[in-house]
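Dear colleague,

I am passing on to you the structure that follows, and below it I have set out what was found, feature by feature. Please read the text with the structure open beside it.

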Amino acid sequence: LVFILMNLLNIASAQIIANNVKNINGITDGAGGAIIFYKIGENFNDKGTYLQFIRSNGDLENPIFIDTSTISEKIASDNKGGAIISWSKFIGKDDQGNFIYHEFINFVDSNGNLRFPKHQQIFGFASSLFIASDGKDGAIIAWSDFENGEEITRINFLKSDGSFKFPKHNTIQGRAVGIASDGNDGAIILLYKDLVVSYNVIYSTGDLMYDDDNVFLSSSVWPIIKIMPHGKDVAIGAYKSSPGIFFPPDIYIIFIDSLGGVINPIIKFQGTENSFEPKNDFSIDSDNLDGGIIIKNEHNKQGIFVNFFKEDGTIKFDTPLKISDNGGSPIAVSNGNGDFIIFYIVEEFRKASSLYVKFLSKNGDTKDFVKYKFIRGDADGSKDVDMSDAIFVLLHLFRGSEAPKCLDAADFDDSGV
């Protein structure tokens, strides 16, 4: 019992946004805040998928309900303070009992208003759908398909009304694993085939920079690959690669120029035993200046770690900075000034997984960020009133542990004591 209570105290310095969270994606709002897209519950306990704004001053807007029975949720910036979101929705089963999914998309402006009151269905289920801003009021989309037994990627643009810009989809070899806006009206796309990761550039005309073949980046790559926009004409990519099955894969960071090349040097982060985990255990983001951040959860080291890197190949910390003793599925969202808002999910005792948030400065310092609405009895700031609040108060009174951040909230019966 003591171990469980102390574990709860360990994470008390971070703040809970939501409980029972299963998936989390996030982007910058372009004004120092973040927009997050997450799912609550699953299967018979599916509570829906939500979008939520966290403003630069820490104000937490009310979550916006999007849909239920979703998988493969994606979010991309519209470069105007809003977001483009997509997801696959379970529709039912066919005569053979196979699950049927349809693909949906919507646009959300900076005030949280949905462009389409009824979500726009773009087609039936698409494997590995990815989205990026077209620099206007539409989106660039890429999704995987099969043709003559070969895995390919199809590409098209969506106009502001949700219809396709081009009557025929363009095709490219390999499976799409990520796409990022080039900051103008095109995008940079990463593709995966036969343990090889490559890239190409998509023009606003729907054409590709390299028609004949994609540009090789690396071999012996694991299929956990990331890409994020990095200002005008550049994207940051990341992938895991290993020299052999008995060697933990290292993580490589690359800057890709939409004018057609990789900006050297390639940055390497040493692999650990945890790197063998076939999980989505790391993410990256640009600092929107001259570098970015990598954030990982290390099971064998019991925690979440971060490091910063620059375009010139330099890495800030010789030893990655530990920012949490536990948690998974971490993401980092830039505030545009070199600082980041960190999100991660923690499996808690007798609770479903909770979504936590921290503010991380460019110097590696962390602090609380979110401003909550007042809830009487919510002593631990979890946005729920339950047994953990009573335990939190008792530990403070009799063991001298952390005090409630809001003493009035810890005054359960409003007695003033």
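Are lysine 89 and aspartate 67 buried or exposed? Lysine 89 is buried, and aspartate 67 is buried as well, where buried means under 20% relative accessible area, exposed means over 50%, and partly exposed lies in between (1.4 Å probe, protein chains only). Their side chains meet in a salt bridge with an N to O distance of 3.0 Å, the term standing for a side-chain nitrogen of Lys or Arg within 4 Å of a carboxyl oxygen of Asp or Glu. Because lysine 89 lies in strand 7 and aspartate 67 in strand 5 (residues 64–67), this pair ties together parts that are 22 residues apart in sequence.

Before the rest, a word on how to read the values. This is a predicted model, in which local features need pLDDT of at least 70 and side-chain atom pairs count only at pLDDT 80 or more, whereas totals for chains, interfaces and linings use all residues. Residues are numbered from 1 along each chain as its sequence is written, and side-chain values use heavy atoms, with hydrogens and water left out.

The chain as a whole holds three helices and 29 strands; helices (H or I, at least four residues) and strands (E, at least two) are DSSP runs numbered from the N terminus. Of its 417 residues, 52% count as buried. If one takes the contacts (heavy atoms within 4.5 Å) between residues at least 6 apart in sequence, 44% of them join residues at least 24 apart. The chain exposes about 19000 Å², of which carbon and sulfur atoms supply 52%, the accessible areas coming from the Shrake-Rupley method with a 1.4 Å probe and, for residues, with only the protein chains shown counting as cover.

Strand 28 (residues 354–360) deserves a paragraph of its own. Strand 28 pairs in the antiparallel sense with strand 1 (residues 15–19) over four bridges, and with strand 27 (residues 340–346) over seven bridges. Valine 357 stands opposite glutamine 15, and phenylalanine 343 also stands opposite valine 357. Strand 28 is joined by two bridges to strand 29 (residues 366–367), again antiparallel, and these two strands form a hairpin with five residues between them, where glycine 364 in the turn has a positive phi of about 95°.

Most residues other than glycine have a negative phi. Asparagine 20, however, has a phi near 60°; this residue is found in the loop between strand 1 and strand 2 (21–28) and counts as buried because its relative accessibility is 14%. Asparagine 288 likewise has a phi near 60° and lies in the loop between strand 22 (282–286) and strand 23 (291–298), but at 37% relative accessibility it counts as partly exposed.

To return to charged pairs, a search of the whole structure finds 12 salt bridges. In one of them glutamate 61 meets arginine 55 at 3.2 Å, N to O; glutamate 61 is partly exposed at 33% relative accessibility, and arginine 55 is partly exposed at 21%. Arginine 154 forms another with glutamate 147, the closest N and O atoms being 3.5 Å apart, and salt bridges that share partners join Asp145, Glu147 and Arg154 into one network.

Finally, alanine 235 lies in strand 19 (residues 234–241) and counts as buried because its relative accessibility is 0%.

With kind regards

Key. Pairing = 2+ DSSP bridges.
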